[in-house]
Amino acid sequence: MGIVAGLDSSAEFTRIVVCDADTGAVLRQGYASHPGEPKAVDVDPQTWLLSLGEAATGGLLEGVEAIGVSAQQHGLVPLDAQGGLVRPALVRNDKRAQVAAADLVDGLGGRHAWADAVGSVPSAGQPVAKLRWLARTEPEHARRTALVLQPHDWLVWQLLGRPARRTTDRGAASATGYWSARTGAYRPDLVELALGHQAALPEVLGPADAAGTTPEGLLISAGTGETMAAALGLGLGPGDAVVSLGASGSVMAVHHEALADPGGMITSFADATGMHLPVVSTSNAVRALRGTAEMLGLDSLEELSALALKSTPGASGLVLLPYLEGERIPSLPHAAGTLSGLRRESMKPEHLARAAFEGMLCSLTDALDVLRGRGVEVRRVFLLGAAAALHAVQALSPALFGAQVVVPQPADYAALGAARQAAWALGVARGTLSPSAPPAWQGAAAQVLEPGDELAAGKAVRQQYTATREQIHPGAFGG
């Protein structure tokens with residue numbers, strides 16, 4: 001059918017993959033870091049274009065017929081009535097907006113009201129909280145703000161030459177805090193609650209829609225947020241969940257409907273295909289492993305992993321509740337980590353190492369069970385993040401998750417998802433693909449791990465962990 005490209009503009013760099021539109025085979029790749037301070041929370045969007053231009057040098061996009069754009073979430077680009085930048089974009093999980101997020105929760109009548117309205121409770125990273133911060137901290141900038149875009153919206157608009165029509169997609173819109181994945185509609189009243197007045201919002205396109213065509217005839221697809229693009233790049237479908245192992249952790253799954261959660265444990269995102277991506281996030285994941293490695297005087301997580309595998313399931317009764325930074329799931333913001341089950345025979349380095357891995361994975365299983373408890377089917381769990389390659393993680397996770405575990409080979413999945421979306425939009429525009437399903441690209445190369453005979457031992461470890469959690473934090477999950 002042709003050649004397409006996927007562009008992923010993350011918080012720190014731009015990656016571009018050029019793919020065969022029929023098979024998804026990667027033909028060429030480009031990369032460039034964003035200019036400026038890597039961890040900045042106030043960013044000139046022009047740096048994203050500079051990075052894009054650098055990544056696309058050397059004829060990278062030669063022959064490309066369509067481009068899909070994925071970009072960082074947690075971003076707000078405030079524009080004036082003429083489309084000019086009011087101030088630098090607000091990006092990342094900006095802690096400056098924590099008080100603003102709490103104000104918004106109270107302003108609408110509590111967490112339940114927000115969950116019912118848009119499927120999520122405001123957090124510091126969401127555009128809705130950043131709008132509130134802007135109104136409270138920079139009122140003049142807030143007054144000038146007439147149009148609100150996210151990074152992916154702004155990039156698509158720039159690629160198309162800044163047309164009068166501004167667009168987004170349902171995946172990115174669902175992360176704003178003022179669009180509901182359940183109803184498929186904006187809540188302009190929430191924008192006004194946050195900003196103090198109404199602002200124009202981009203049109204929400206369908207998954208296979210095109211945002212437009214450049215003067216050179218290059219089709220630009222709807223684009224989406226990084227989370228949704230990565231899910232599309234991985235080829236996720238119903239029955240699939242993703243566990244992301246960063247310093248903190250998250251669990252998301254593909255589901256047929258939006259899940260409103262009055263307790264605020266589930267964030268209800270839309271995906272890039274017409275389905276939904278309920279997400280549950282934890283405050284602690286790999287940070288618990290790093291803390292344990294430091295306590296044991298180890299130089300790397302690989303050493304901690306090897307040591308953990310010298311122990312046995314249950315770590316000789318040692319249980320680590322890994323709530324080192326407080327915890328979101330369960331809601332224990334002021335908790336500390338707990339090490340329980342200390343006996344003479346359990347006080348060995350290998351048991352502590354094992355307890356760290358079991359504690360981290362059991363905490364993520366708690367998050368997974370929140371989704372299962374709402375009727376989300378989980379047949380496969382995809383493990384993402386550098387820690388997914390650790391032998392202890394791979395050895396323990398199938399039995400603890402109680403499901404087949406898939407460890408994909410490292411790849412630019414967000415960029416691949418953006419490219420797959422571009423191929424979809426191109427095929428629909430040409431009448432060769434249906435708007436009801438994306439092109440059937442080859443799935444990610446991966447290692448597949450089965451629970452096998454370790455399933456019973458995994459259940460016992462989970463029971464030991466749950467009993468300890470209930471003893472230390474009774475009723476943390478409601479009973």
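Are R170 and D271 buried or exposed? Both residues are buried, where buried means under 20% relative accessible area, exposed over 50%, and partly exposed in between (1.4 Å probe, protein chains only).

## Basis of the model

This is a predicted model, in which local features need pLDDT of at least 70, side-chain atom pairs count only at pLDDT 80 or more, and totals for chains, interfaces and linings use all residues. Residues are numbered from 1 along each chain as its sequence is written, and side-chain values use heavy atoms, with hydrogens and water left out.

## Salt bridges across the chain

The whole structure holds 22 salt bridges. A salt bridge here is a side-chain nitrogen of Lys or Arg within 4 Å of a carboxyl oxygen of Asp or Glu. Among them is the pair R170 and D271, with the closest N and O atoms 3.5 Å apart. R170 lies in helix α7 (residues 170–173) and D271 in the loop between β18 (267–270) and β19 (276–282), so this bridge ties together parts that are 101 residues apart in sequence. Helices (H or I, at least four residues) and strands (E, at least two) are DSSP runs, numbered from the N terminus.

D42 pairs with R96, and their closest N and O atoms are 3.2 Å apart. This bridge also links distant parts of the chain: D42 sits in strand β4 (residues 42–43), R96 in the loop between β7 (89–90) and α2 (98–108), 54 residues apart. D42 is partly exposed at 30% relative accessibility. R96 is partly exposed too, at 34%.

D366 forms a salt bridge with R462, the closest N and O atoms being 3.2 Å apart. D366 belongs to helix α12 (residues 349–372) and R462 to helix α15 (residues 455–472), so the bridge joins parts that are 96 residues apart in sequence. D366 is buried, at 5% relative accessible area. R462 counts as buried at 13%.

The pair is part of something wider. Salt bridges link D366, D369, R372, R462, R469 and E470 in a network. R469 lies in helix α15 and counts as buried at 6% relative accessibility. Leaving out residues up to four places away in sequence, R469 touches L321, Y323, D366, P474 and F477. Contact means heavy atoms within 4.5 Å.

## Where α9 crosses α14

The axes of helix α9 (residues 226–234) and helix α14 (residues 413–430) come within 6 Å and cross at roughly 75°. Axes are lines fitted to C-alpha atoms, for helices over the stretch in contact, and angles run from 0 to 180 degrees between N-to-C directions. The two helices, α9 and α14, are therefore roughly perpendicular. Angles of 65 to 115 degrees count as roughly perpendicular, under 35 as roughly parallel, over 145 as roughly antiparallel and the rest as oblique.

On the α9 side, the contact uses E226, A229, A230, L232, G233 and L234; α14 supplies Y413, A414, L416, G417, A418, R420 and Q421. The residues of this contact divide into 8 nonpolar, 3 polar and 2 charged. Ala, Val, Leu, Ile, Met, Phe, Trp, Tyr, Cys and Pro count as nonpolar, Asp, Glu, Lys and Arg as charged, and the others, Gly among them, as polar.

## A buried serine

S120 is found in the loop between α3 (111–118) and α4 (127–137). S120 is buried, with a relative accessible area of 3%. Not counting residues up to four places away in sequence, S120 touches W114, A115, Q126 and T267.
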